[in-house]
Amino acid sequence: MHVTVVCRACGAKFKVDAKHAGRRGRCPQPDCSGTYVVPSSAPTAPSLPPLPRTPSARTPARSRPAKKSVAKTAKWWIAAGGTALALAVVAAIAPWFNGNASTGGGVTLLPSLAVAQEPTQPPPFETHARPFFQKHCVECHGTEEPAAGISFAAFRDETSMLKQRKLFERALDLIQQGVMPPADAAQPTDAEKEPLLTYLNHALFYVDCSGPVDPGRVTIRRLNRAEYNNTIRDLVGVDFQPAADFPADDVGYGFDNIGDVLSLPPLLMEKYLDAAEGVARAAITAVDLDHPPIAATTADNLIRGPSAHDADEAVVIVSQGFVGAEFQAPVAGEYLIRVRAGGQRAGSELPKLELRVDDRAVRTFNVEAQERAHKDHEQRVTMNRGRHRVAAAFTNDFYDAKKKQDRNLLVSRIEVAGPLTVDPSSVSEFQRAFLANRPSAEMTLNVAVRNNLRPFLKRAFRRPVSESELDRLVEFVREEMEQGQSFDAAMQLTLQGVLVSPHFLYRVETDRNPEDPTDTHPLNDFELASRLSYFLWSSMPDEQLFALAERNELHRDEILEAEVRRMLADPKSQALVDNFAEQWLQLRILNDLRPDPEMFPEFSPDLRADMQQETKRLFAHILQQDRSLLDCLDAKYTFVNERLAKHYGIPGITGNEFREVSLAGTPRAGLLTHASVMTMTSNPNRTSPVKRGKWIMEVILNTPPPPPPPNVPELEAAKAAAGLTFRQQLELHRQNASCASCHRVMDELGFGLENFDPIGRYRESDGSTPLDVTGELPGGDAFAGSQELAGVLKQKQTEFAKCLADKLLTYALGRGLEYYDRCTVNRIAEAAQGRQLKFSALVTAIVKCEAFRMRRGETIAPSP
Amino acid sequence: MSLHLPRRTFLKGVGAAMALPMLEAMTPTQTWAATTTAPNRMLFVFFPNGAIMSDWTPKSEGTDFALPPTMEPLAKVKSKLCVLSGLAQENADAKGDGGGDHARSASAFLTGAHPVKTGGADIRVGQSVDQVAAEKIGKQTRLPSLEIGTEGGRNAGECDSGYSCAYSNNISWRTASTPMSKEINPRLVFRRLFGDSENLEERRRRERARRSVLDLVAEDATRLQKKLGQTDRRKLDEYFSSVRELEQRIERSQAETARIPKPDYPEPTGVPQDVDEHVKQMFDLLVLALQTDSTRIATYMLANEGSNRSYPMVGVNDGHHHLSHHQNKPDWIAQLKKIDLYFMTRFAGFLEKLDSIREGEGTLLDHSMIVYGSAIADGNAHSHRDLPIILAGGGNGSITGNRHIVYPRETPMNNLFLSLLDRMNAGVEKLGDSSGRLDKLS
């Protein structure tokens, strides 16, 4: 049931779900900042459960389950030792989450700002943090030569502490892991630790998920290489990957589409100019119909057929024969051929000149001109674009033996002028539209340029353009023509200009108050269209998205949902495979890997490409069939070609094409057993359980282990007797407490995959050493081999869902996520899990979240 | 005796019709200003992951030092280089930022600044020494500076412990926040240096067109910038300064009447599959760039910092970064020495080539200053003190070679940079953590 709302600021009328009655929202009109209250003409929405004002006021019934989940999750993550903030923290601060966090159903009052709830009483610094700092930190991190240059003496209260947010995020992490205080110092009891962890989690990460969502702010994004290529393809219809020569885009937060990281050094600007020239040349054939160019071939350069001989500044054809010239027609159309020729007469006929184009006779002239006074013989012909041969043949040779008179043909020049007209069906569709109007008696230059550019610029800049922007371009064309350029050439240059304009190269989103972080507002529909299209297609919006934006309908929930379905079904969604999946799964790392050629002569660049292809196919299949992303973990099917099938020992596959095969009865299932993943997580000459475990923690669970401390202590194994297996060496390594916390998880995960060798082949033993593929995670999950490991991971579905939400949201927004995005990530993960973690569910939840649909002004940092 | 005669006076006295060789007396005795006819050059060649210092540091100080094992390939050019010990890039230290020594060392290498730890937002380190020079004197040549390497960006995951890949993949920073991307394709470097095979008229036409286009878009950017917030404006500044640089380059090019010199070197076809071939071609292109005076400032990253490339051509099939955490295992150290020696061999070849090319009274090497090194000493310890640094070339007579100079421990490497900038006539008073100029070079 819906109620009608009228915005008092702009007068817009729209409908809102009545269940939000009484709540405030923001007017959906792009340029309106008005707020409204949903009238309560309908039954009131179920009220949110009342929140306790302080943790102590919690009812036992509510707090106990929450506490239980803290203990359980925290145990795994504290033990896991990852920088498991996003996960551990969620559970740990559960008491501060209010009920609205789990809307999950995806129906949000958007664009809306939910009513802020009264915040609960936070635990104070004085009682929860200071005593711990005093007792356990300042001894090393004091004022005098503080360890690592960090002095806790400076942190007297929450305000001073929060100025070093990153530092304390790290501190929390280390204390949770048990890395700090270090093993050789007195260890805090759990009773001492808990208040501090509670306090830090709250102070650093508490976000009221029922309050207004901070959508964050995305930095202006330059198109990256993939986006540039695709955008050019869709804008101009030129598909030659002009960005192939661009310098690599730097990566931040795991992806190469992050606005803050994409810079524009002079080298790249130079490449943009080169590319724009190339694209403009390929897209437009500039012809000057008012002054058709003339391609002339003089006697010296004429191609000589049989019986053609040099004569004075001409070529004489003394018997049946010809002379010719090559001509490159830039475009299909009419051309004027002009042959300058004269004859030597004999007998009753004049010398005949047969004009041929590509060996086809076009016309025959009787050459009246005499040997010493050549004349032009002209004929209009239609030619296709491309290379042509124009020839003048002498066809009626005659010799009067009595009079000793010889009939000959002399040719001194062949010219082709044109095009005089252009065959419209021969130029690209782009050119027909871009040069649809030309200045003429009926149409001024101004009108012609405007009409041509208006629709084009809207697509190139991905927004409507103002008349003053068009003025400037009309002026540009006029100036170029005054400099002697033809209309076509001036337009071609304009195209170049558009392709290096900041409005094209950057995805621009604007704010009314760019420097007011409290001014949160929805994107306009054109900005939203670009976010959608670059997210799902790595390219510009298509006609339908533009049309929806034009009608200001795109931001509506049902329209967004329909568009997501349509866009995912479009072949352009392959961009998600090529750009998102490749980076999420770190497949690009394979490009730089070279397994030891002596140990693995089977490995080849082709096999490497096949490995990548297999993994991409699986992801593409999940996307296209809208399957559950859990298939990543345990799909009993995969995609192989002959080479890869042979590598895996799967019989009966021939040919280079990939096809789906069942993995039933084989030891393989899911990504973890793909040769791509197994190879990229190996050293060139042996497997690395550490790297494999790290990959799972980063890619599947989103809990990247912190980097090893510098000066890694020598492996105890080096001192111990040789002959230990690598596993035994690693186990010794873990006797060192500072290594143990992370390696206990990483190594164990990796052990489960030891059945796969450094290039991903199945093995039962490593040389003569039998394999031990058992592992046990802190918390008691035990497994043997990859299948059971996959089973354990599949139980961590919530973590996996949050991991996917986190990565895909980062990619969708083009910015790193902040602590305040946590509510959003949780909501997306929940919504997706509610629909079996189908790919479309994940994407839809992202597209509908505030971070995707809104932005705000910037918090201005004090200058460094 | 030192008698300075203005050339014009001298010619008047003798009669201007005679073409005369320059006389000694007309060459001022004080060096390094623009007194010799040859220009001075400043290059930086970077290798990642540190070096095995026991085979790097000469045993004795001064002129009589014997080349340590890693430097043996340098025998032929030993007289024209100095080994500098004791220099440090302390800003590559963690300073509370935790892991990420590789990212920090590459970004501090030529900046002497401490990078902001970030995966993306607010990338900031400092302007690098080459770009200081490029800004001041880059307009003397067609390209203000040249940035090349052999490894593109690592395209997945984090590069190093929470640092954006921009830090590990670049050593040249145009501003504190804009790295200068490097070119890794030899063919594209060649084209950048020597242009397409177009004639002068075509080039003029193209440059004129480019100029109009750049004028047009600079206006767009100016208007756009007014609507943006602080960070976005900063991003757009990169756009402006790149446009400006291209405009200046076109201006300089149009002042030239001659064609761009075409070297007697085949245009490379692309990125070679073979790493060794790639490394060599890039060195060759550096030689060509100097020989044709296309630029006087260049940086070359032999590989990105933290690179895990293997070097099978010298029998190293394991990854470089992996090996660099050698834990003092003898076999790992032996492998690393092979990599050190490999890089040095190619570097030595480059120096020899420069030394074989005559220019005025000396050779290209005599008129260059080439810093070769890394901002990590031993990869196992990730130390940024006592760095492996070689300074090759005579700097137009301003540097005396054949010496092992030992500076007090923790002497900022940026002191060396100040001294080099002076010799490029691009002096500044401070750069990064510099505390003064480096003595003992002349």
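User: Let's start with a single residue. Where does Gln586(A) lie, in terms of the helices α18 and α19 of chain A?

Analyst: Keep in mind that this is a predicted model. Gln586(A) sits in the loop between α18 (574–584) and α19 (605–624) of chain A.

User: What is the phi of Gln586(A)?

Analyst: General idea to begin with: most residues other than glycine have a negative phi. Gln586(A) isn't a glycine, but its phi is positive, near 60 degrees.

User: Is Gln586(A) buried or exposed?

Analyst: Here you count neighbours, and 20 or more other C-beta atoms within 10 Å makes a residue buried. Gln586(A) has 21 of them, so it is buried.

User: What about Asn402(B), what is its phi and where is it found?

Analyst: Asn402(B) also isn't a glycine, and its phi is positive at about 60 degrees. You'll find Asn402(B) in the loop between β8 (389–392) and β9 of chain B. Asn402(B) has 15 C-beta neighbours inside 10 Å, so it counts as partly exposed.

User: Which residues does the cis peptide bond join?

Analyst: Again the general idea: most peptide bonds are trans. The cis one here joins Gly418(A) and Pro419(A), with omega about 10 degrees. Pro419(A) belongs to strand β17 (residues 405–422) of chain A.

User: Now sheets. What is the strand order in the open sheet of seven strands in chain B?

Analyst: In general, strands of a sheet pair through backbone hydrogen bonds, either parallel or antiparallel. In this open sheet of chain B, the order is β3-β4-β1-β7-β8-β2-β9, and the pairing is mixed. At the edges are β3 (146–149) and β9 (403–412) of chain B, each pairing on one side only. From one strand to the next, the twist averages 15 degrees.

User: How many bridges pair β1 with β4 in chain B, and in which sense?

Analyst: Five bridges, in the parallel sense, between β1 (residues 41–46) and β4 (residues 297–301) of chain B. For one bridge you can look up, take Phe46(B): its partner in β4(B) is Met301(B).

User: And the sheet of five strands in chain A, is its pairing parallel or antiparallel?

Analyst: Antiparallel, in an open sheet with the order β7-β10-β15-β12-β13 (chain A). The edge strands are β7 (303–304) and β13 (360–366) of chain A, each with pairing on one side only. Inside this sheet, β10 (residues 321–329) and β15 (residues 386–394) of chain A run antiparallel and are joined by nine bridges. Find Ala329(A), and you'll see that its bridge partner in β15(A) is Gly386(A).

User: On to helices. At what angle do the axes of α29 and α30 of chain A cross?

Analyst: Two packed helices are described by the angle between their axes and the distance between the axes. The axes of α29 (residues 822–833) and α30 (residues 839–848) of chain A cross at roughly 145 degrees and come within 8 Å. The crossing of α29(A) and α30(A) is right-handed. On the α29(A) side, the contact is made by Ile828(A), Ala831(A) and Ala832(A), while α30(A) brings Ala841(A), Leu842(A), Ala845(A) and Ile846(A). By class, that contact has seven nonpolar residues, no polar and no charged ones.

User: How many residues of α29(A) are buried?

Analyst: Twelve of the twelve, so α29(A) is largely enclosed by the rest of the structure. Among the buried residues are Arg822(A), Arg827(A) and Glu830(A). You can check the span of α29(A) too: at 1.5 Å a residue it should be 16 Å, and the end C-alpha atoms are 16 Å apart, which agrees.

User: How many residues does each chain put into the contact between them?

Analyst: The size of an interface is often given as the accessible area lost when the parts come together. Here we can count residues: chain B gives 72 and chain A gives 70. The largest share of chain B's side, eleven residues, comes from α7(B). By class, the side of chain B that touches chain A has 23 nonpolar, 29 polar and 20 charged residues.

User: Which residues does Ala221(B) touch?

Analyst: Leaving out residues up to four places away in sequence, Ala221(B) touches Pro502(A), Leu236(B), Tyr239(B) and Phe240(B). Ala221(B) itself lies in helix α6 of chain B. It has 18 C-beta neighbours inside 10 Å, so Ala221(B) counts as partly exposed.

Key: Residues are numbered from 1 along each chain as its sequence is written. Chains are lettered from A and ligands numbered from 1 in the order in which they are written. This is a predicted model: local features need pLDDT of at least 70, side-chain atom pairs count only at pLDDT 80 or more; totals for chains, interfaces and linings use all residues. Two strands pair if DSSP finds at least two bridges between them. Helices (H or I, at least four residues) and strands (E, at least two) are DSSP runs, numbered from the N terminus. Axes are lines fitted to C-alpha atoms, for helices over the stretch in contact, and angles run from 0 to 180 degrees between N-to-C directions. A crossing is left-handed if the near helix is turned anticlockwise from the far one by less than a right angle, and right-handed if clockwise. Two residues are in contact if their C-beta atoms, placed from the backbone, lie within 7 Å. Ala, Val, Leu, Ile, Met, Phe, Trp, Tyr, Cys and Pro count as nonpolar, Asp, Glu, Lys and Arg as charged, and the others, Gly among them, as polar. The expected span of a helix is 1.5 Å times one less than its number of residues.
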